[in-house]
Amino acid sequence: MTDRYAREALKTLAQDMLSKGGLAADKAEVVAELLVRTDELGVTTHGLSMVPYYLPELASGNMTRDGVHEVVSDRGATLVWDGNYLPGHWIMQQALEVCMDRARELGVVCLSIRRSHHIGCLSTLTRIAAAQGLICMISTSDPSGRWVAPFGGTDAVLTPNPWAVGYPAADHPVLIDTCASITTVSKVREHINSGTQFAHPWMLDSQGNATTDPTVVNQTPKGTILPVGGADHGHKGYAMALTVEMLTQALSGHGRSEDVTRWGGNVFLQIMDPAAFAGADPFVREVEALNAACRASRPAPGFDAVRIPGDRAARMLDRSRTEGIALPDEVWTRVRAAAETLGVALPAAL
């Protein structure tokens with residue numbers, strides 16, 4: 001079952017919970033806003049559902065409650081920041097503002113961030129820049145995380161290593177959001193919480209056998225998530241994972257060589273302005289020609305149409321704005337439990 005809620009009610013709920021959890025008010029407002037934007041897009045694994053995971057991080061001090069990031073290096077078109085484990089949504093808002101401004105002047109700007117906290121849904125972030133006519137690329141990894149086995153191995157070494165690209169089009173931004181693993185940690189948690197198996201063998205047990213069972217990550221020895229391509233072509237996802245960790249860890253100067261044990265997010269952000277290349281209008285013209293060609297392709301059996309990444313997000317956003325934001329029971333159950341523990345009032349469903 002899925003209920004719908006008013007946008008401002010959910011934002012107030014998230015903000016109140018984070019503030020009660022100890023997060024500074026200015027940062028709680030930014031995090032709450034971006035979490036709600038994520039739920040508006042229909043990505044409920046990374047919206048308000050993250051608050052119950054952030055609260056223990058705030059309580060333990062693993063998520064820094066207040067303060068600012070450190071600028072480690074600034075050469076104009078390239079930057080390195082130390083996020084001091086501040087909330088990733090807040091860090092990324094600062095990063096986008098700086099990089100978008102500079103990209104309009106310089107054409108291309110790259111920023112590598114070390115020691116941020118979790119940055120949430122990448123499409124929510126890339127969409128901010130794409131909606132302003134810019135190209136945005138984001139990738140992230142956690143130097144302390146070990147969830148994914150390298151291709152040919154059985155031991156967890158890598159994180160899912162998400163990467164995303166957002167860029168402008170005529171109707172709505174194109175939002176490519178994927179990761180180097182065949183599924184995400186959030187999806188694994190979702191299946192464990194709901195007691196369901198994956199539809200396909202996306203996990204490896206401790207012996208290296210492919211399985212649909214998400215609970216292998218809680219067993220001893222620990223199972224892992226497969227890279228993109230699975231047991232058959234996982235070398236492709238493995239290559240993506242190495243690329244993401246190079247951009248986020250090697251460029252930021254902080255990673256696995258330090259035997260990191262604290263959960264955090266390293267980030268690589270690149271902003272490009274099409275106006276600095278062949279021009280904004282030719283860019284959109286070519287994007288639209290390609291989108292139209294893909295959409296015109298005859299659907300294969302089992303498909304009713306060919307879609308462009310971002311189509312679903314645009315539909316979900318329109319529906320969220322007219323009917324309220326949908327939250328599945330699995331998410332609401334955990335959010336409700338956390339809110340009740342904090343003594344935060346819950347909004348009624350629409």
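**Close-up views of a predicted model**

**View 1. The largest pocket.** The largest pocket holds about 1,200 Å³ of space. A pocket is an open set of points on a 1 Å grid over the protein atoms alone, with protein on both sides within 12 Å along at least five of seven lines. Volume is the space filled by probe spheres set on the points. The pocket has 45 lining residues, and Thr45, His46, Pro162, Asp177 and Thr184 are the closest to its centre. Lining residues have an atom within 4 Å of a point. The model is predicted: local features need pLDDT of at least 70, side-chain atom pairs need 80 or more, and totals for chains, interfaces and linings use all residues. Residues are numbered from 1 along each chain, and side-chain values use heavy atoms, without hydrogens or water.

**View 2. The largest cavity.** This cavity has a volume of about 70 Å³. In a cavity, a 1.4 Å probe fits but cannot get out. Its lining includes Thr45, Ser49, Met50 and Tyr53. Helix 6 gives the most to this lining, with four residues. Helices are DSSP runs (H or I, at least four residues), numbered from the N terminus.

**View 3. Helix 3 against helix 10.** Helix 3 (residues 51-60) and helix 10 (residues 329-342) pack at about 40 degrees, with axes 9 Å apart. Axes are lines fitted to C-alpha atoms over the stretch in contact, and angles run from 0 to 180 degrees between N-to-C directions. Pro52, Tyr53 and Leu55 meet Arg334, Val335, Ala338 and Leu342. Contact means heavy atoms within 4.5 Å.

Key:
Helices (H or I, at least four residues) and strands (E, at least two) are DSSP runs, numbered from the N terminus.
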